[in-house]
Amino acid sequence: MKAMARPLIIVGSIVVIIGALLPWATFVLNDGPYPDKATLEFFDAPFGLSSFRLYLEILGLAGLVFCFVPLRDKIRVLKAVGWGALGVALINTLFIIGDGGGFGAVTVADGVTAFGGIAAVIGAAVLLYGAFQLPAEPKVVINPKLPFWAEWLILLVAFVALLLLITETLTAGGHSGVSDPYIGPLFLSYLSAAGALLGVLWAVGVTKWISDMSERHRIFSIVVLVACAVAVPFTSLGNDYWMTITANIGVYAATAIGLNIVVGLAGLLDLGYVAFMGIGAFVAANLSGAVAAEFGIRLPFLLAAIVAGIVAGLFGAIVGSPTLRVRGDYLAIVTLAFGEIFVRVSQNNIGGLTGGSNAIPNIPDLSLFGTGFNDSLTIGGVQLPSGVLYYFLIVVLVALVMFVFGNLKNSRIGRAWIAIREDEDVARAMGVKTGKLKILAFMTGATLAGLAGAVFAHKLATASYDSFQFNQSVTLLAAVILGGMGTIPGAVLGAALLFVLPEELRQFSDYRLLFFGLALVVIMRFRPQGLIADRHRRAELADQDVTGESLDDTVIKEPVAVAGAKEAGA
Amino acid sequence: MSTPVLQARDVSMVFGGLTALKNVSLNLDEGKIVGLIGPNGAGKTTFFNCLTGLYTPTTGQVLLKGAVLPGDPAEVTAAGVARTFQNIRLFPSMTVLENVLLGRHVRMRQGPLASLFHGPSFRRGEAAARDRARELLAFVGLGKVEDELSRNLPYGDQRRLEIARALATDPAVLLLDEPTAGMNPQETEAARQLIFRIRDLGISVVVIEHDTKFIFTLCDQVSVLVQGELLVEGTPDVVRGDPRVVEAYLGKPPEEVEAELQAVQEGETP
């Protein structure tokens, strides 16, 4: 079959290119989810209007070029191209079938033929199959010696390119985020194509090279990253809609990093984590001077946020105290129960601090030098969207949380947390006071969540029990696991994906959660260590049999394998 | 004679209706190596767990330098008793260096705030810990693999890493639970030399081992446990010659064992 690889790739690529040029949809709908725009003309329109065709052209050409150009690790490069092309082709074809009422929409109907979608799917599948027939090669590592300024320059270019890639991905198919009926498939097509690009870069060793470089120039990377984050409002994301979305992502990313301390470092499963965010939000709301607040005082925001963090931290210690006695699954149930208690208490307004089902609305807007945080802002002639100050506040919050996580992880305390995760009994036998440290992990995580909650309440101008339900806890946990346990970029990426995807997939309203769940299953199946994995975690999951051991409750046991080895050695 | 550095006085351990240890006593003098042998199920590891605070003895006491040891493993380690495990229990996905640094944990004083802000004293402490950890890795012969994940090390190296991690706690007493299990003769010999070098640092050592040749050529003092009771204790020569030991532990006719031990002795004495 190896001899077939090249012809298959060539044929597949050409079919993809041809498929992209053919019409994709046969008919114009008269009813459907968008009666006034209910046509599939977009897919029948000339080439220039539909970006997905462009992606397919590029991917098809890339398949041809990479097939002939001498390349190391050709198999991984072409697999990335193949998956990308298949993704783009499938997404659009399925969308047309779904919205166009069946296979007729992509084949023949009313005398119109449209085999573009089918051709592209088949071509991409052949290309991918061909790629799989290539001989396996070792992973390419590139590590050229460059002067430091050259490395800085490359990092700068890489981060800016990443920023542009992200903004383009998010705004693919429309800047407003809601008006275009095709935004769903457009976004997914772009994501698929961008994924292929990143996959190729990964295959030729560029991503590893850049991440090693950023490791070497840690401070510089952080500065550039912060600068990129500050630059976001000046890009195509600089409108009200995206300011709100990115601010939400930021708040959830900060919370996810906090959860990462508890789950990713100390290995304690917490299913009620969002309650701490809720506590922070209600504390801040009550100290904000809102009319519905229990206390008629208005503390400065910074002070209120600190109080919110401290109160949440105290609750963290209380919830964490059962960890002294309870492990693993049982701890998860304890935390789950705490989360539910919080929701019930705040829903029924027990204690009168949460406003019950009325919530605490109309939290006064924050202001700085007389500018309200919800106002728009003009800097150097550039009109920035409203809510931009909240966005900046949230950038500061995320930076703070990252600082806390990063420093704690690389310290005596962080090592002890990881040791507890790996093997609690041995950690104790090595002199780690596991009880205190587990409570400290809960406290730190809760404090960060409380801070995030305080910002969240002000941003939304409301603190309602409804924002802190169990499904939020689960989504946060999924963000941490999906992104990669124990890493900062992982938590941020996970939060971004989990809170952006539902927005972008509005298109598929009914199927949205289905797709979402499916994507989670696929990622967990093929990349259990998460998208951006911790070095430790990666090793751990490479070989599953080690992971179970640390959760075992027995104090000392004799694994059969070692006992066997002992017999053999004696 | 000075007080023993580690002293177990009439330690008994009862699990439910099962008596695992019955009035076991042990004295470990400073700078000595004591061996603990006995058939499977004799209670050796249970005794170790009593010494390290993992179990609280039902009756009896364990004293370190004359003071009763606390009942918590972390505090026992802080007091100066470190151990390794029969089945290797490293932190598998931490690096070699991080494993040893974790051993330093108990001797470091950086609290949460210092760990959060990474001030100058934090960095000094961290650098000192790293230096010490590297020193210990070089001492056990793992100087070149500090960035490997510990789970990727070969078996014998994992055992040595466990010893380095235990040494990182600056112990007065080191307890080794079957340090040569599963090792070939060369590795066993290297382990013996390593234990001698540890003793030369002034650390007292207690070794559990099945390999009687190893124990008799290593230890200053040997105790034999059978069914939770101390059968014999004394110098290797005394223990080796005791017919009860031969019968209970070795299960072979004395002449045969004697011949075997003779051969070993001739092989080992310089």
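This is a short walk through a predicted model with two chains, A and B, covering chain A, the interface and a few residues worth a look.

Okay, hi everyone. Please keep in mind as we go that this is a predicted model.

Let's start with chain A. Chain A runs to 570 residues, and 53% of them are buried. For secondary structure, you get 21 helices and 6 strands in that chain.

Is α6(A) enclosed or open? Of its 21 residues, 15 are buried, so the helix is largely enclosed by the rest of the structure. Just after α6(A) comes A:Gly205, with a positive phi of about 90°.

Another glycine to click on is A:Gly445, which sits in helix α16 of chain A, residues 434-460. A:Gly445 is buried, because its relative accessible area is 0% and the cut-off is under 20%. Who does A:Gly445 touch, leaving aside its neighbours within four places in sequence? The answer is A:Gly258, A:Val262 and A:Tyr273.

Now, the interface. On the chain B side 47 residues are in contact with chain A, and on the chain A side 41 residues are in contact with chain B.

What about polar links? Between chain B and chain A we count 11 residue pairs in polar contact, with both residues at pLDDT 80 or more.

On to salt bridges. Over all chains, the whole structure has 25 of them, and 5 are counted between chain B and chain A.

Let me zoom in on one between the chains. B:Glu126 pairs with A:Arg415 in a salt bridge, with the closest N and O atoms 2.8 Å apart. Why does this pair join two chains? B:Glu126 is in helix α5 of chain B (residues 120-140), while A:Arg415 is in helix α14 of chain A (residues 412-422), so the bridge goes from one chain to the other. Both B:Glu126 and A:Arg415 are buried.

Here's another: B:Arg89 forms a salt bridge with A:Asp423, closest N and O atoms 3.0 Å apart. These two belong to a network of salt bridges, which links A:Arg327, A:Asp423, A:Glu424, A:Asp425, A:Lys438 and B:Arg89.

Then there are a couple of salt bridges within chain B. B:Arg165 bonds to B:Glu162 this way, at 3.7 Å between the closest N and O atoms. The two are 3 residues apart in helix α6 of chain B (residues 155-167), so about one helical turn separates them. As a reminder, an α-helix has 3.6 residues a turn, so residues three or four places apart point the same way.

Compare B:Arg244, which has a salt bridge to B:Asp242 with closest N and O atoms 3.3 Å apart. B:Arg244 is partly exposed at 46% relative accessible area, whereas B:Asp242 is buried at 13%.

Last stop, some backbone angles in chain B. B:Asp10, in strand β1 (residues 6-15), has a phi near 45°, a positive value in a residue other than glycine. B:Asn23, in strand β2 (residues 18-28), also has a positive phi, near 45°. B:Asp10 is partly exposed at 43% relative accessible area, and B:Asn23 is partly exposed at 45%.

That's my tour, thanks!

How values were computed:
Residues numbered from 1 in each chain as written. Chains lettered and ligands numbered in written order. Predicted model: local features only at pLDDT ≥ 70, side-chain atom pairs only at ≥ 80, totals over all residues. Heavy atoms only, no water. Salt bridge = Lys/Arg side-chain N within 4 Å of Asp/Glu carboxyl O. Helix = DSSP H or I, 4+ residues; strand = E, 2+ residues; numbered from the N terminus. Buried < 20%, exposed > 50% of the residue type's maximum accessible area, 1.4 Å probe, protein only. Contact = heavy atoms within 4.5 Å. Polar contact = N/O pair within 3.5 Å; in protein donor to acceptor, adjacent residues only side chain to side chain.
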